[in-house]
Amino acid sequence: MIHSSIINEAYAVLNEAIIHHNGQAIGTVAARDKTLSASNYNECFIRDFFPSALVFLMDGRHDIVRNFLQAVLQLRSQQQQMEGHELAEGLMPASFAVTAENSETASLVADFGDRAIGRVAPVDSAMWWIILLRSYSIISGDTSLAHSESFQHGIRQILKLYLKESFETSPAMLVPDGSCMIDRRMGVNGHPLEIQSLFYGMLLSAKELLLNNDINQPLLVMVRKRVQTLRSYIRLYYWLDIERLNEIHRYNSEEFGWDAVNVLNINPEIIPEWLDGWLPNDTGYMVGNVGPGKIDFRFFTLGNLLAILFGLTTDAQATKIMNLYEAHWDKLIGQMPLKIIYPAVRGDEWVFMTGSDPKNVAWSYHNGGNWPSLLWTFTGAALRAGREDLARSAFDITMARLPQDSWAEYYDGKAGSLIGRRANLNQTWSATSLIIANRLLDDPDSLAVFETMVF
Ligand code: GLC
């Protein structure tokens, strides 16, 4: 195991974040910042636990991951049914807390978005859970957990919810604003890329986890088909490079019927000014969101990186995304990897899109802030695309600063040089991200965990 003193410090942040229930480690809190006022950062978030789990799997601490997977599955029973609604049985909580951790009456309390700021339902949670279940099964060799009746039933319930027909005209998944890592209003409603990437990874994982029996058969047929249609759709409609930008720029609109070229009726006027000159040859990326009359041209880091990691992009597209990082290093990596969205929205656009959210002013937090927690995905994606050089550069920048800044949650500013105005310190996924990046780059044995996410 590679352990510099900085990595030891990161481990200390992780180990202090572990929470217990009935004497067993079952998760990690989002942040251990003693200066925090009322907040839910002392809860275990499903998405934040994912990188913690990868570290535990790399270190052979499989039990914590197993306990977590079981606990979250059971927590679904706490979901409250709203009057006049059906229960969404496949929904998993955004986070959970242990009440009175050291007493005998300690219990787990889940939040399905019903307590969260803005009351957003976490669409990403169940998808992270299934992807983690596959990594756990492969690395620990324990397939009995995923094959147990309660887990098979749970996977079926999730798939039924996520594959349920609603008002779709495309294979992409439709969600409300703020239903994933960006969990406040940021114009990520509709068909955001991060959700589509996770959906793809989740479907591929579920396909392997579900036993091939009579009950599962109809779902397996749907899953296999949806993987194909989703992949083709994203690779075509979300992909943007200079050729595609030129096509869109010269689109005709108001086409009707089967022969339409501009099927989503995109008006070229929506192309933002900053894109002209932003896409050198041999670069490209997946746009943030696509819908009727709509392309969100902003660059969303997590969606693009997960698309590379899970193989939702072609190899050529992955190479071009990495070339884009190289071409815009100062903007997309900056003084603290990595920019969460580029560019920020400001002025009236900020008013309408965020609801005048002061935490999300331009170049801060979700609106163009820099998040060290994204480093592990960048490292994984860069390695998959054969760009270890870029992964090492981003790692070096993070190592030089993040520990001194006490494992800050996020950074502000165009270049990401300022510790976020309202950032927590000792943010668990900032520390775990650095540990994973270090292991992926310097310990070939750890690559096995990363390969569980490469399809
Ligand atoms: C913020 C982030 C969210 C994260 C949570 C806990 O709400 O937007 O993605 O899960 O903090 O760290």
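Strands here are DSSP runs of E with at least two residues, helices are runs of H or I with at least four residues, and both are numbered from the N terminus. Two strands count as paired if DSSP finds at least two bridges between them. Next, display strand β4 (residues 95-99), which is joined to β5 in the antiparallel sense over five bridges. Within this pair, V98 has L108 in β5 as its bridge partner.

The model is predicted: local features need pLDDT of at least 70, side-chain atom pairs count only at pLDDT 80 or more, and totals for chains, interfaces and linings use all residues. Residues are numbered from 1 along each chain as its sequence is written, and side-chain values use heavy atoms, with hydrogens and water left out.

**The hairpin**

Move to strand β1 (residues 18-21) and strand β2 (residues 24-28), an antiparallel pair with four bridges. I19 stands opposite G27 in β2. The two strands form a hairpin with two residues between them, and N22 in the turn has a positive phi of about 50°.

**The ligand**

The shell consists of A30, Y41, F45, R47, D48, M181, D183, Y365, H366, E409, Q427 and W429. By class, six of these residues are nonpolar, two polar and four charged; Ala, Val, Leu, Ile, Met, Phe, Trp, Tyr, Cys and Pro count as nonpolar, Asp, Glu, Lys and Arg as charged, and the others, Gly among them, as polar.

Which side chain has a polar atom 2.6 Å from an oxygen atom of the ligand? It is that of D48. A polar side-chain atom of Y41 lies 3.4 Å from a ligand oxygen atom, and a polar backbone atom of M181 is 2.7 Å from an oxygen atom of the ligand. The protein covers 96% of the 310 Å² of accessible area that the ligand has on its own, by the Shrake-Rupley method with a 1.4 Å probe.

**The largest pocket**

On a 1 Å grid over the protein atoms alone, a cavity is a set of points where a 1.4 Å probe fits but cannot get out, a pocket is an open set with protein on both sides within 12 Å along at least five of seven lines, and lining residues have an atom within 4 Å of a point. A volume is the space filled by probe spheres set on the points, which are joined across faces, edges and corners.

The largest pocket holds about 1100 Å³ of space. Select A88, L91, A121, L161 and K164, which lie nearest its centre among the 32 lining residues. Helix α6 (residues 149-162) gives the most to this lining, with four residues.

**The cavities**

Four cavities of 30 Å³ or more are found in the whole structure. The largest cavity has a volume of about 100 Å³, and its lining includes R47, M181 and W429. To see helices that contribute, select α2 (46-58), α4 (123-140) and α14 (375-384), each of which supplies at least two lining residues.

Finish at the second largest cavity, with about 70 Å³ of space. Among the residues that line this cavity are Y237, R244, N262 and I295; the whole lining divides into nine nonpolar, one polar and one charged.

Notes
Near = heavy atom within 4 Å. Polar contact = N/O pair within 3.5 Å; in protein donor to acceptor, adjacent residues only side chain to side chain.
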